[in-house]
Amino acid sequence: TDAEVSTRKKTFAEVQTERLDQAERTVLIKCPSRLNEKKLLQYLSSHGNVKSHFFFENRGISALIEFSDKSSIASLQDAVGIPSASEHHVVPFKSRLFTFTLKNPVSQHVEGTPLHLSPQCHIPVKDLIEKLCLADSISSQMYILLNEYQLTEENIKLRFLACSLVRDFTRAYFPDSTVKPFGSSVNMFGKLGSDVDMFLDFHDTGKHATKMKKGPFEMEYQMKRLPSERLATQRILSVIGDCLDNFGPGCVNVQKILNARCPLVKFAHQPTGFQCDLSVSNSIAIRSSELLYIYGCLDSRVRALVFTVRCWARVHGLTNSAPGTWITNFSLTMMVMFFLQRRSPPIIPTLDQLKELADEKDKHIIGGYDCSFVSDLRKIKPTKNTETLDVLLGEFFEYFGNFDFRKNSINLRKGKEVNKPESSPLYIWNPFEQDLNISKNVNQPQLEKFVAMARESAWILQKEDKTQQIINKEPWGLAALLIPFGKSTSSKMKNRMKGLGSETIRSLLDSLKLNNANNQQKAVGK
């Protein structure tokens with residue numbers, strides 16, 4: 001029942017279904033610059049009940065409007081006109097994106113309160129550091145960081161709307177297709193400003209299976225057959241990509257990257273302000289999103305630690321938005337999860353433990369890999385571990401600063417350090433495709449840089465005299481770790497870098513100098 005669902009934590013699937021449904025009842029309006037909120041809502045209510053709304057800044061003011069009933073959108077669309085084709089000719093595709101302008105702007109003076117705008121990006125690191133210095137513990141600093149960086153309710157609605165608007169196109173070809181977000185938009189670890197990863201799904205499984213058993217005939221559609229699934233994916237994405245490029249309002253810079261390991265279409269969606277990546281359904285990626293969602297729901301320390309470590313890594317140039325030999329945010333997140341499994345008592349269960357709790361409906365075998373784990377959060381016992389985030393942050397740096405990366409790999413299924421199956425510098429088992437290393441891209445100098453930074457950070461946290469630093473108005477705790485370790489620390493670092501290769505140290509010190517200036521400006525990884 002609905003009441004029962006609202007009191008317990010919702011399953012991943014329930015949240016997705018609810019959000020997709022919400023997005024179907026939603027429109028996006030580019031508003032006039034001088035807008036009376038009450039007048040706008042009054043007008044929109046003539047088409048049906050407005051269930052929720054918010055305003056945001058995106059090259060002018062935009063409003064996201066969620067109606068209680070889908071039929072209100074059709075009613076509104078009936079009243080909306082086609083733009084007059086003076087200098088441009090228009091593609092007559094009627095979407096759920098509208099522009100409202102005032103008919104007689106002079107007479108309508110804006111009375112009432114100024115609009116509240118929902119932020120769609122996080123504050124710069126230097127502003128964050130100022131806020132952190134006012135906190136009273138490292139733990140509160142980490143929760144401040146989490147609150148500043150995590151996706152807001154409004155931003156999540158906008159992400160699902162972007163998917164829903166793309167789906168309006170795919171339905172022209174495939175009427176029962178859906179477009180769903182995956183990865184950081186849904187796994188509880190998304191940062192404001194990150195891209196939207198979306199996939200196109202044709203499988204509405206379950207519904208058909210029962211109906212097909214009835215009657216004397218085996219029945220199937222006649223469909224075009226292609227030599228491989230990959231080719232079908234490439235053709236579908238190619239056509240959808242062209243469609244968005246030619247007809248999609250506000251879809252710009254459409255790039256088709258069809259020869260990648262996972263073919264995709266990249267585009268910027270101007271009305272929502274997102275960079276989007278569209279691919280065709282990847283069931284394993286969805287299982288990974290759900291696994292992280294479960295870990296993120298189990299204990300509030302999980303997300304606080306992940307966001308903190310990722311922000312720290314970005315400031316020190318350990319992660320980068322461009323692909324390369326850097327550690328990815330996904331790998332870092334998995335390292336944090338592994339560390340939390342290794343605490344005594346563990347803060348989160350291993351994947352094997354989650355698999356043991358799975359029932360029939362949780363069974364998922366995908367491409368020969370067992371991706372089963374429990375979906376009902378109530379079945380997972382809460383941890384007895386009471387360590388504070390102050391302790392956990394220091395211990396994280398200590399743990400990986402001294403981890404034997406030469407010999408051991410990181411395995412979240414078992415929650416154990418196991419011997420490396422091959423010689424990649426950093427080996428993190430893919431939780432589902434057990435023969436893959438998710439950090440295969442990372443090279444030795446990058447790993448050594450990570451180790452050096454972790455040691456340095458553990459050392460800063462240990463030696464620190466908080467009271468003295470607060471009196472001297474110096475950044476302390478987490479704030480001290482988010483300032484690039486510049487020239488002042490390079491001599492101290494030399495002492496702690498014994499045992500690292502000399503060429504690594506040279507490249508490290510160079511990168512420290514480089515990072516110093518430009519990293520503080522850069523936004524933090526997704």
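Two strands pair if DSSP finds at least two bridges between them. Helices (H or I, at least four residues) and strands (E, at least two) are DSSP runs, numbered from the N terminus. With these terms, we can walk through the structure.

This is a predicted model: local features need pLDDT of at least 70, side-chain atom pairs count only at pLDDT 80 or more, and totals for chains, interfaces and linings use all residues. Residues are numbered from 1 along each chain as its sequence is written, and side-chain values use heavy atoms, with hydrogens and water left out.

Start with the whole chain. It has 19 helices and 13 strands. The chain holds 526 residues, and 50% of them count as buried. Buried means under 20% relative accessible area, exposed over 50%, and partly exposed in between (1.4 Å probe, protein chains only). The accessible surface is about 26,700 Å², and carbon and sulfur atoms account for 55% of it. Such areas come from the Shrake-Rupley method with a 1.4 Å probe; for residues, only the protein chains shown count as cover. Now take contacts, meaning heavy atoms within 4.5 Å. Among those between residues at least 6 apart in sequence, 68% join residues at least 24 apart.

Next comes a sheet of four strands. This sheet is open, with the order E2-E3-E1-E4 and mixed pairing. Its edge strands are E2 (50–57) and E4 (97–99), and each pairs on one side only. Neighbouring strands here are turned by 20° against each other on average, direction ignored. Axes are lines fitted to C-alpha atoms, for helices over the stretch in contact, and angles run from 0 to 180 degrees between N-to-C directions. Look at strand E1 (residues 26–30). Three bridges join E1 to E4, and the two run parallel. Leu 28 has Leu 97 in E4 as its bridge partner.

Strand E6 (residues 196–201) runs parallel to strand E9 (residues 274–280), and five bridges join them.

Cys 251 has His 269 in E8 as its bridge partner.

Now turn to a pair of helices. The axes of H12 (residues 329–342) and H14 (residues 389–401) come within 11 Å and cross at roughly 105°. That makes H12 roughly perpendicular to H14. Angles under 35 degrees count as roughly parallel, over 145 as roughly antiparallel, 65 to 115 as roughly perpendicular and the rest as oblique. Residues of H12 in this meeting include Phe 338 and Phe 339; those of H14 include Phe 396 and Tyr 399.

Finish at Asn 430. This residue sits in the loop between strand E13 (416–419) and helix H15 (444–463). Asn 430 counts as buried because its relative accessibility is 11%. A polar atom of the Asn 430 side chain lies 3.0 Å from the backbone nitrogen of Glu 433. Leaving aside neighbours within four places in sequence, Asn 430 is in contact with Leu 436 and Ile 438.

Key
Polar contact = N/O pair within 3.5 Å; in protein donor to acceptor, adjacent residues only side chain to side chain.
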